[in-house]
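Welcome! Let's take a friendly tour of one structure, a few parts at a time.

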Amino acid sequence: MPDNHDLSLYLQVADGVVESIRRGVLQAGDRLPSVRHAARNRNVSINTVLAAYRNLEDLGVIEARPQSGYYVRARLPEVNKVVMPVTPVSSPKLEVLDLIDMVFAAQQNPKFTDISLACPVGEEFYPAKKLSRILNQLLRSRPNMIGTYSLPPGSLRLRQQIARRTPLLGMSLSADDIILTHGCLEALQLALRAVTKPGDCVGLESPTYFYMISMVAMLGLNAVEIPTDSQHGISVDAVEALLKEKKIDALMLMPSVQNPLGCSMPIESRQRLAKLVNQYQVPMIEDGLYSELQFSGDLLPAVKAFDKDGWVIFCTSFTKTLAADFRIGWMSGGRYAEKLRRLKALSSMSEPTVLAETLGQFLTTGGYDHHLRGLRKRYAFQMQEARGLIARYFPQGTRATQPSGGFVLWVELPLNVDGVKLFHAALAEHISLTPGMLFSPNGRYANAFRLSYCYTFNEHYIAAIKRVGELACEMALSYPESEEVRA
């Protein structure tokens with residue numbers, strides 16, 4: 001136990017930090033002076049500053065970030081648990097589909113600053129130089145690859161390397177179980193075509209990734225929105241009720257690092273979900289795009305890991321982690337494998353050998369896990385930075401999710417802020433965001449939007465978030481807590 005003098009000193013240091021936060025000198029997301037610097041400035045020991053910082057950390061005022069230091073914790077409440085009834089069967093609304101097209105158009109405009117596109121931008125997010133070297137070496141040693149058609153099943157080396165990694169997600173697959181696809185989107189579309197027919201009902205998380213809504217509409221399918229908790233994922237109770245009543249013909253879900261919420265289902269829920277789809281013999285399409293970007297410890301196993309009779313189709317790609325424009329993904333089709341192979345051949349035959357072999361070689365060298373560790377640390381850090389910016393610039397009453405991985409989070413604004421109006425107001429200032437209405441086939445979540453933090457946090461990105469926050473404050477007639485403190 002420290003003596004009374006030491007206790008007084010470390011409490012004085014802690015009180016000084018709290019006072020700086022109260023007066024707005026230190027704000028959410030700001031880095032505190034290093035322990036050594038603070039000790040020198042206050043003429044106290046390093047142990048005294050450490051005790052003060054640890055006390056503030058225990059109180060939730062600040063947080064330690066590995067290899068970076070101590071930061072003011074974002075005073076931003078998390079999104080409340082979703083409470084909603086299962087939505088009746090419906091076709092996606094035309095206004096939702098039109099808005100999706102408008103968002104894509106804005107995201108492709110180089111004059112716009114994008115704060116919501118879930119596509120990492122910048123050399124620090126991809127091992128571009130290493131891949132370039134491997135690609136050049138392959139072309140020098142095997143120049144005939146460019147003049148040779150790639151035929152199914154595609155690169156054996158890449159399929160073998162993918163199979164070697166599947167135990168990390170609890171699966172045990174062979175190279176023959178792997179179907180290479182043109183990104184994860186083609187895998188999802190092929191899976192939907194394999195397990196449904198026009199008029200069928202597909203269960204979707206709510207909110208869900210908006211391109212899933214477009215796919216459902218394109219294939220003449222109906223959507224059933226299923227309540228999804230912002231921390232624990234889809235309601236398995238609701239899924240079970242729908243299966244019992246035979247109201248859905250297929251499920252399409254993201255159990256790990258769900259887009260747009262960033263949540264991951266607990267293992268027990270995954271096991272129960274797999275058991276249910278096997279029991280009722282209803283196919284489930286598992287989108288595992290962000291499965292390798294989970295922040296904490298060992299990766300949670302895929303639902304596919306608990307699939308006994310092949311009712312789960314697992315889909316993913318390397319576009320978010322290795323090479324965006326290679327557009328190479330893969331799937332494991334379970335009982336639908338042969339049908340999926342035929343659909344893939346009819347759709348796009350096979351993936352380019354030179355690109356698949358480049359990825360296969362990169363995976364072989366063992367650099368992928370090192371690269372993933374760096375990505376996870378960076379995204380975990382930037383997630384907290386993004387939450388800090390939201391806390392600093394958005395109106396009181398704003399909430400945001402605390403993702404378990406990946407690089408997107410869900411922001412809920414006060415109820416009097418219309419996300420679509422905010423989208424148009426930002427668009428007028430050359431800022432692109434994705435309003436919450438896009439993530440529901442029925443146009444829910446009018447006061448929400450998705451934020452992506454897979455960009456370099458430069459002045460343009462930060463200024464864009466600040467400006468959107470200012471626009472939201474004008475609509476809400478409310479201002480950040482930090483503004484009121486400074487006043």
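## A loop residue

Where does T208 lie? T208 sits in the loop between strand β5 (201-206) and helix α8 (210-218). Helices (H or I, at least four residues) and strands (E, at least two) are DSSP runs, numbered from the N terminus.

This is a predicted model, in which local features need pLDDT of at least 70 and side-chain atom pairs count only at pLDDT 80 or more, while totals for chains, interfaces and linings use all residues. Residues are numbered from 1 along each chain as its sequence is written, and side-chain values use heavy atoms, with hydrogens and water left out.

T208 counts as buried because its relative accessibility is 0%; buried means under 20% relative accessible area, exposed over 50%, and partly exposed in between (1.4 Å probe, protein chains only). Leaving aside residues up to four places away in sequence, T208 touches I213, Q258, N259, P260 and F439, where contact means heavy atoms within 4.5 Å.

## Helix α4

The buried residues of α4 are V96, L97, L99, I100, V103, A106 and Q107. Among the elements covering them are β3 (113-114), α8, α14 (419-427), β14 (431-432) and β15.

## An open sheet

Now for the strands. An open sheet is formed by 4 strands in the order β12-β13-β16-β15, with antiparallel pairing. β12 (399-400) and β15 (434-435) are at the edges with a single partner strand each, so one side of each has no neighbour in the sheet. Two strands pair if DSSP finds at least two bridges between them.

Strands β13 (residues 408-412) and β16 (residues 448-452) run antiparallel and are joined by 5 bridges. V411 has F449 in β16 as its bridge partner.
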